[in-house]
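Good morning, everyone. Please look at the screen while I walk you through one chain.

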Amino acid sequence: AATVMFAGSSALSKWQVVDYPIGEVLFIRTVISLCVCTLLILPTAGLAVFRTQRPRDHLFRGIAQATSQSFIVIAFSLMPLAGAIAINFSSPLFATLASALVLKEVVGAARWSALLVGFLGVLIVAAPGADSFQTGALFALANAVIYGSVTAAVRGMTATESTETLTMYQMVLLTAYFALLLPFGFTWPTSADALAMIAAGVMNGFGQYWWTRA
């Protein structure tokens, strides 16, 4: 379900970065996502959701995820959406690697084989050739590496942090980070584009919440 939400949000973001600054697209999407997560979480969890003994881990996770999301939206602006998403599908390979190295999870030969075959599939879908190493593809690959690492980090943090705490810290920190990009460019959106930005934020909010729960 989270993957479906992310796909819709990514498609809308690809459409928006044609006419609007990347920082603006990221900020509006994230602030709407924060509103969605707030409505999903705070009525039952209350402000106690912000109690944590791992503020540094939340901070580093927020920085990594802000960088990851910035890279993938930059990739959207530089290459076809299908290629960028296909490259992003290599993130489970890096998540598995990080899980094995950091979390000491056992990864058998069958899973490694499946991931490597999947990575070859990513290369085929991304159409390797003269444009394989274009700038957009490099940003997409960097996002996949960071995204995979963040996935492993979140998996480790679930030992002490609830889904609600992880989600709220993530959305608050991302909103603050992307707000810092607004001085570098902001174009007031048309009514249709504003609705599209809101829709992207709503889908991203549900996607982030469900992905963290998973």
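**One exposed leucine, then the whole chain**

Start with Leu120. Leu120 is exposed, because its relative accessible area is 51% and the cut-off for exposed is over 50%. Keep in mind that this is a predicted model. Leu120 is found in helix H6, which covers residues 109-125. Now find Trp211. Leu120 and Trp211 are 91 residues apart along the chain. Their C-alpha atoms are separated by 25 Å.

Step back to the whole chain. What does its secondary structure come to? There are 9 helices and 0 strands. Read along the sequence, the pattern is α-α-α-α-α-α-α-α-α. The radius of gyration is 17 Å, close to the 17 Å that the globule rule gives for 214 residues, so the chain is as compact as a globular protein of that length. Along its principal axes, the C-alpha trace spans about 45 × 40 × 30 Å.

Now the surface. The accessible surface of the chain comes to about 10,700 Å². Carbon and sulfur atoms account for 72% of that surface. And the charges? The chain has 10 positive and 8 negative side chains. The centres of the two sets lie 12 Å apart.

Let's go inside. How much of the chain is buried? Buried residues make up 43% of the 214 residues. In soluble globular proteins, nonpolar side chains tend to be buried together. Here, the largest nonpolar core has 20 residues. Which of them touch the most other members? They are Ile72, Met79, Ala84, Ala140 and Phe178. Helix H2 (22-45), helix H3 (55-78), helix H4 (81-88), helix H7 (135-157) and helix H8 (163-179) each supply at least two residues. There is also a second, separate core of 8 residues. Phe6, Val154, Met157 and Trp211 are among its members.

Ala140 is then in contact with Ile72, Ala75, Met79, Ala84 and Ile87.

Pick out Ile87 from that list. Ile87 sits in helix H4. Is Ile87 buried or exposed? Ile87 is buried, because its relative accessible area is 11% and buried means under 20%. Ile87 and Ile72 are 15 residues apart along the chain. Their C-alpha atoms are separated by 9.9 Å.

First, Ser70. Ser70 lies in helix H3. At 16% relative accessibility, Ser70 counts as buried. What does Ser70 touch, beyond neighbours within four places in sequence? Ser70 is in contact with Leu26 and Phe178. Phe178 is one of the core residues that touch the most other members.

Then Thr163. Thr163 is in helix H8. Thr163 is buried, with a relative accessible area of 16%. Again, set aside neighbours within four places in sequence. Thr163 is then in contact with Tyr209, Thr212 and Arg213.

To recap: 9 helices and 0 strands, a largest nonpolar core of 20 residues, and a second, separate core of 8 residues. Leu120, where we began, is exposed. Ile87 is buried.

Key
Residues numbered from 1 in each chain as written. Predicted model: local features only at pLDDT ≥ 70, side-chain atom pairs only at ≥ 80, totals over all residues. Heavy atoms only, no water. Helix = DSSP H or I, 4+ residues; strand = E, 2+ residues; numbered from the N terminus. Rg over C-alpha atoms; globule rule 2.2 N^0.38 Å. Buried < 20%, exposed > 50% of the residue type's maximum accessible area, 1.4 Å probe, protein only. Areas by Shrake-Rupley, 256 points an atom, 1.4 Å probe, with all protein chains shown as cover. Lys, Arg positive; Asp, Glu negative; His and termini not counted. Charge placed at Lys NZ, Arg CZ, Asp CG, Glu CD. Core = buried A, V, L, I, M, F, W, Y, C linked by side-chain atoms within 4.5 Å. Contact = heavy atoms within 4.5 Å.
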